[in-house]
Amino acid sequence: MNTKLMNETFLLLQSECSPKAGITFRIDLTEILDTESLLNSYDLAYERKVHLLALYTVLSLATSRHKDCHHSDPNLTRKVLDGDYLYSLYIQLAVQFEEIDLISYLAPHIKKWQIRGAEGHSGVQMLSTCLEQFLDLEFRRDTYTTTVEQVG
């Protein structure tokens, strides 16, 4: 099942990812659809939904590239470099999309995922939870600000 939001997200990522990196996007569509559903549950501008889904996708891909890295793996170097490139792409895109609050919120979580990934654990479910918590905090803050402005 492809949706307009998902398609636009993938086009955005393909245009931003350097062809020289040689990274292929192997994405769990169920995970992306779940994240799209999460984003649709918030009152967000469509363009921001595309941006957040792109950032989520890049982080998910980076996490999966770093997962299961063993010193005896013949693809170890490629996995590590791909994951590092995707993490840097996440930062680049987040700055470009002016999602500095997201960077600040996710930074300590990303470090934990990297450590857990090195231990062989998955961080993807944690990513989804963190995105939802970030949006909840943002909407709670926006609701509070709007309420204070209306009262004041």
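The points below describe the fold, surface, core contacts, ring pairs and salt bridges of a predicted model.

1. Overall architecture. The protein chain contains 6 helices and 0 strands. Its order along the sequence is accordingly written α-α-α-α-α-α. Of the contacts between residues at least 6 apart in sequence, 69% join residues at least 24 apart.

2. Burial and surface. The chain has 152 residues, and 41% of them count as buried. Its accessible surface comes to about 8800 Å², with 54% of that area belonging to carbon and sulfur atoms.

3. A nonpolar patch. Ile91, Val95 and Ile100 make a nonpolar surface patch of about 240 Å². Ile91 belongs to helix 4, which covers residues 76-96.

4. Thr9 is located in helix 1 (residues 4-16) and is buried, with a relative accessibility of 0%. When neighbours within four places in sequence are left aside, Thr9 is in contact with Val50, Leu53, Ala54 and Thr57. Ala54, for its part, lies in helix 3 and is also buried, at a relative accessible area of 0%. Not counting residues up to four places away in sequence, Ala54 touches Thr9, Leu12 and Leu13. The C-alpha atoms of Ala54 and Leu13 are separated by 6.6 Å, although the two residues are 41 apart along the chain.

5. The ring pair Tyr42 and Phe139. The structure holds 2 aromatic pairs. In one of them, the ring centres of Tyr42 and Phe139 are 5.2 Å apart and the planes stand at 40°, so the pair is classed as tilted. This pair links distant parts of the chain, 97 residues apart: Tyr42 is in the loop between helix 2 (29-40) and helix 3 (46-66), while Phe139 is in helix 6 (residues 124-151). Tyr42 is buried, with a relative accessible area of 12%, whereas Phe139 is partly exposed at 22%. The cut-off that separates these two classes is 20% relative accessible area.

6. The ring pair Tyr105 and Phe134. Here the ring centres lie 5.8 Å apart and the planes of Tyr105 and Phe134 are at 50°, so this pair too is tilted. Tyr105 is in helix 5 (residues 100-118) and Phe134 in helix 6, so the pair ties together parts that are 29 residues apart in sequence. Tyr105 and Phe134 are both buried.

7. Lys4 and its two partners. The charged end of Lys4 sits over the ring of Tyr46, at 5.3 Å from the ring centre. Lys4 also forms a salt bridge with Glu8, in which the closest N and O atoms are 4.0 Å apart. This distance deserves a remark, because the criterion for a salt bridge is a separation within 4 Å. Both residues belong to helix 1 and are 4 residues apart, about one turn of the helix. Lys4 is exposed, with a relative accessible area of 58%, and Glu8 is partly exposed at 30%.

8. The salt bridge of Glu99 and Arg48. The structure holds 3 salt bridges. One of them joins Glu99 to Arg48, with the closest N and O atoms 2.6 Å apart. Glu99 is in the loop between helix 4 and helix 5 and Arg48 is in helix 3, so the pair ties together parts that are 51 residues apart in sequence. Both Glu99 and Arg48 are buried.

9. The salt bridge of Arg48 and Glu138. The side chains of Arg48 and Glu138 also meet in a salt bridge, at 2.5 Å from N to O. Arg48 lies in helix 3 and Glu138 in helix 6, so this pair ties together parts that are 90 residues apart in sequence. Arg48 is buried, with a relative accessible area of 19%, a value to be read against the limit of under 20% for burial. Glu138 is buried as well, with a relative accessible area of 8%. Through shared partners, the salt bridges join Arg48, Glu99 and Glu138 into one network.

Note on methods
Residues numbered from 1 in each chain as written. Predicted model: local features only at pLDDT ≥ 70, side-chain atom pairs only at ≥ 80, totals over all residues. Heavy atoms only, no water. Helix = DSSP H or I, 4+ residues; strand = E, 2+ residues; numbered from the N terminus. Buried < 20%, exposed > 50% of the residue type's maximum accessible area, 1.4 Å probe, protein only. Contact = heavy atoms within 4.5 Å. Areas by Shrake-Rupley, 256 points an atom, 1.4 Å probe, with all protein chains shown as cover. Patch = residues over 30% accessible without salt bridge, like charges linked within 9 Å, V, L, I, M, F, W, Y side chains within 5 Å. Phe/Tyr/Trp six-rings, centres within 6.5 Å; stacked < 30°, edge-to-face > 60°. Lys NZ or Arg CZ within 6 Å of the ring centre and 35° of its normal.
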